[in-house]
Amino acid sequence: MELLTHKQQITVFKRLMRYVKKYSKQIIFAFVLVGFAVATDLMGPLIQRNIIDNYVVIENFDMPSIGRLILFYIVFSLIHSVLKYYGTLYFHRVGNKITQDIRNEIFEKLQGLGMRYFDQTPIGSIVSRVTNDTEGIQDMFIHVISVILTNIVVIIGIVFVMFRLNALLASIVVLFIPISIGFVWLYQKYSTKYFQLVREKNSQINTRLSESISGMKIIQEFNQQKRMIKEFSKLNDEYYDASIMNMRIDALLLSPVIHVLTMIAISILLTYAGMSSFKGEIIVGTAMAFMELIYRLFDPLFQIMDRLSIYQQ
């Protein structure tokens, strides 16, 4: 099996991106919705900080003022949910439209190919290209590109709010972002060949099934059932081994890494907050807001790394 080089992967990605230009207006509109959704979502930690620092800590239980802040929190949460829903809906529509365009182009291309191509290419492989591979492309547009770009906007917004709250703590937390990017590069380096192997074996299994079913009469006439079963079992074992290797790499370099980085960042925050509290440099509300923002920062990082498995496919 010939593995795609990094340069070839970039070339294929650019070819896929030309389908996006047709729907640029819808994508821009979806990004506007996502931007407003991020802004309303980040109001939550700031409102929590305001309530704790200005009312709870100093025992100023001004219920009308606290009630207004809680009402603002609920309203911003509702607005965030609505904007996120419509932003996600637009991204899904674009992804499905792009997949529809690609399938139509593939089917139109097949109609113009000569009989020699169909004689030399297994039917199962052609069916796999039209169905499985286009499904993978659809997943890439819907669950990878949209999620990654959306979460980049989220990360930028969170970092901005962090620096507004406490520049020193924000500088420390931001250091974890390039560390995460390093693990992304490591994951991509080691997982690419196994993902391509899984795709290749899956295509071969579909091809073998199609050929076996269409040629069952000949197989039985020449008593080749045992040989076909043995060859199919070997293909199935190779597919299983490649899938297990994917799972091992995912289990090692995806969610565990983000969870460890999150715990380290929280530990640094709590240590700094505890030491600074004696000097009166940081108060409870700011610490709690930072903790909430750290969780929100690493959640999109986790989503980005989790979607890399789909991108590799």
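A residue counts as exposed when its relative accessible area is over 50%. Asparagine 223, at 60%, is therefore exposed. Keep in mind that this is a predicted model, with a chain average pLDDT of 82 and 92% of the residues scoring at least 70. Here's a quick tour, from confidence through the core to a few side-chain pairings.

**Confidence**
- Helix H1 (residues 6–17) has the lowest mean pLDDT among the elements of the chain, at 75, while H4 has the highest, at 88.

**The nonpolar core**
- The largest nonpolar core takes in 44 residues, and the ones with the most contacts inside it are Ile98, Phe141, Met162, Ile294, Leu297 and Phe298.
- Seven helices each put in at least two residues of this core: H2 (24–41), H4 (63–112), H6 (123–165), H7 (167–174), H8 (176–214), H11 (255–277) and H12 (284–312).
- H6 is the biggest giver, with twelve residues.
- Leaving out residues up to four places away in sequence, phenylalanine 141 touches Leu16, Met17, Val20, Gly95, Ile98 and Ser146.

**Aromatic pairs**
- Searching the whole structure turns up five aromatic pairs.
- One of them is tyrosine 85 with tyrosine 86: the ring centres are 5.0 Å apart and the planes sit at 75°, so the pair is edge-to-face.
- Tyrosine 86 has 41% relative accessibility, so it counts as partly exposed.
- Phenylalanine 176 and phenylalanine 298 also pair edge-to-face, at 6.1 Å centre to centre and 75° between the planes.
- That pair ties together distant parts of the chain, with phenylalanine 176 in helix H8 and phenylalanine 298 in helix H12, 122 residues apart.
- Both phenylalanine 176 and phenylalanine 298 are buried.

**Arginines over rings**
- Arginine 18 places its charged end over the ring of tyrosine 19, 4.5 Å from the ring centre.
- Arginine 93 lies over the face of tyrosine 90, at 5.7 Å from the ring centre.

**Two more residues to look at**
- Threonine 207 is part of helix H8, and its relative accessibility of 10% means that it counts as buried.
- The C-alpha atoms of threonine 207 and isoleucine 126 are separated by 8.4 Å, although the two residues are 81 apart along the chain.
- Back to asparagine 223: you'll find it in the loop between helix H9 (216–221) and helix H10 (225–253).
- Phi of asparagine 223 is near 55°, a positive value in a residue other than glycine.
- For context, most residues other than glycine have a negative phi.

Technical notes:
Residues are numbered from 1 along each chain as its sequence is written. This is a predicted model: local features need pLDDT of at least 70, side-chain atom pairs count only at pLDDT 80 or more; totals for chains, interfaces and linings use all residues. Side-chain values use heavy atoms; hydrogens and water are left out. A nonpolar core is a set of buried Ala, Val, Leu, Ile, Met, Phe, Trp, Tyr and Cys residues joined through side-chain atoms within 4.5 Å. Buried means under 20% relative accessible area, exposed over 50%, partly exposed in between (1.4 Å probe, protein chains only). Helices (H or I, at least four residues) and strands (E, at least two) are DSSP runs, numbered from the N terminus. Contact means heavy atoms within 4.5 Å. pLDDT is the predictor's confidence in each residue, from 0 to 100. Rings of Phe, Tyr and Trp (its six-membered ring) pair if their centres lie within 6.5 Å; planes under 30 degrees apart count as stacked, over 60 as edge-to-face and the rest as tilted. A charge sits over a ring if NZ of Lys or CZ of Arg is within 6 Å of the ring centre and within 35 degrees of the ring normal.
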